[in-house]
Amino acid sequence: MFTGIVEELGEITAVEDLGDASRFTVRGPVVTEGAKHGDSIAVNGVCLTVVDLPEGAFTADVMAETLGRSSLGALTPGSRVNLERPMALGGRLGGHLVQGHVDGTGTVLERVPGEHWEIVKVALPAPLARYVVEKGSITVDGVSLTVVDAGADFFTVSLIPTTLALTTLGVKQPGDPVNLEVDVIAKYVERMLGAGAVPGDGLGDVLGGGVAEAGR
């Protein structure tokens, strides 16, 4: 589990083609301090498992499923990436609950500079639109952000100078892909109250009846 608070701007130093997968080597001296084989590290919001730990870096195998569902397949040596270690139980939750399981990819549509911030508009895939609400949370390339405006096929976020300086969102340009993870709590609520309710499980009765049907 992550919080979407990026700890370090890392760099892809090598990409090895394994046929139906890829092996990435990622430089990140901060996130690899104290790390060990089998640990998890989020790369642009994607939870990856540490395979090896060359000095100041780590390697991770990226399966075809991950390459197909995220923008990691477009990374090449020299690409900058957002890195975050898992949250520690008992620590502060600085962003929101993030799993590192990408739900889809969006595309940066435009950037509108302000005096002290920048508004970024991102295309939103139709299946994810229902989970994105104004003032809600969304993870973009592993960065926990608050939604400013939520449209049918887009959303906007306001980026403060710290986010612009310390994450890859400061250099993303219109046309660039980004990984998106919506709020997992919204997905659970939808399944329990709506179309995902299992017939005969008594959930509709507990909720006052008819709730499951209303979600269909």
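**View 1. S71 in its loop.** S71 sits in the loop that runs between α1 (64-69) and β6; helices (H or I, at least four residues) and strands (E, at least two) are DSSP runs, numbered from the N terminus. The model is predicted, so local features need pLDDT of at least 70 and side-chain atom pairs count only at pLDDT 80 or more, while totals for chains, interfaces and linings use all residues. Residues are numbered from 1 along each chain as its sequence is written, and side-chain values use heavy atoms, with hydrogens and water left out. S71 counts as buried because its relative accessibility is 11%; buried means under 20% relative accessible area, exposed over 50%, and partly exposed in between (1.4 Å probe, protein chains only). Setting aside neighbours within four places in sequence, S71 is in contact with T105, D141, P177 and N179, where contact means heavy atoms within 4.5 Å.

View 2. Most residues other than glycine have a negative phi. N44 is not a glycine, yet has a positive phi of about 50 degrees. Look for N44 in the loop between β3 (40-43) and β4 (46-52); N44 is buried because its relative accessible area is 3%. K135, also not a glycine, has a positive phi of about 70 degrees and lies in the loop between β8 and β9 (137-140). With a relative accessible area of 60%, K135 is exposed.

**View 3. D183 and Q99.** D183 is placed in the loop between β12 (177-181) and α3 (184-193), and is partly exposed because its relative accessible area is 23%. The C-alpha atoms of D183 and Q99 are separated by 9.2 Å, with the two residues 84 apart along the chain.

**View 4. A nonpolar surface patch.** M1, L93, L97, I185, Y188, V189, M192 and L193 make a nonpolar surface patch of about 720 Å². Patches are made of residues with over 30% relative accessible area and no salt bridge, with like charges joined within 9 Å and nonpolar side chains (Val, Leu, Ile, Met, Phe, Trp, Tyr) within 5 Å. A salt bridge is a side-chain nitrogen of Lys or Arg within 4 Å of a carboxyl oxygen of Asp or Glu. Accessible areas come from the Shrake-Rupley method with a 1.4 Å probe, and for residues only the protein chains shown count as cover.

**View 5. The largest pocket.** The largest pocket holds about 340 Å³ of space. Its lining has 17 residues, and I5, V143, S144, I160 and T163 lie nearest its centre. β10 (143-150), β11 (154-159) and α2 (161-166) each give at least two residues to this lining, with the largest share, 4 residues, coming from β10. On a 1 Å grid over the protein atoms alone, a pocket is an open set of points with protein on both sides within 12 Å along at least five of seven lines, a cavity is a set where a 1.4 Å probe fits but cannot get out, and lining residues have an atom within 4 Å of a point. Grid points are joined across faces, edges and corners, and a volume is the space filled by probe spheres set on the points.

**View 6. The largest cavity.** About 60 Å³ of space lies in the largest cavity. Its lining includes V108, R111, V120, V122 and L145, and β7, β8 (118-123) and β11 each supply at least two lining residues.
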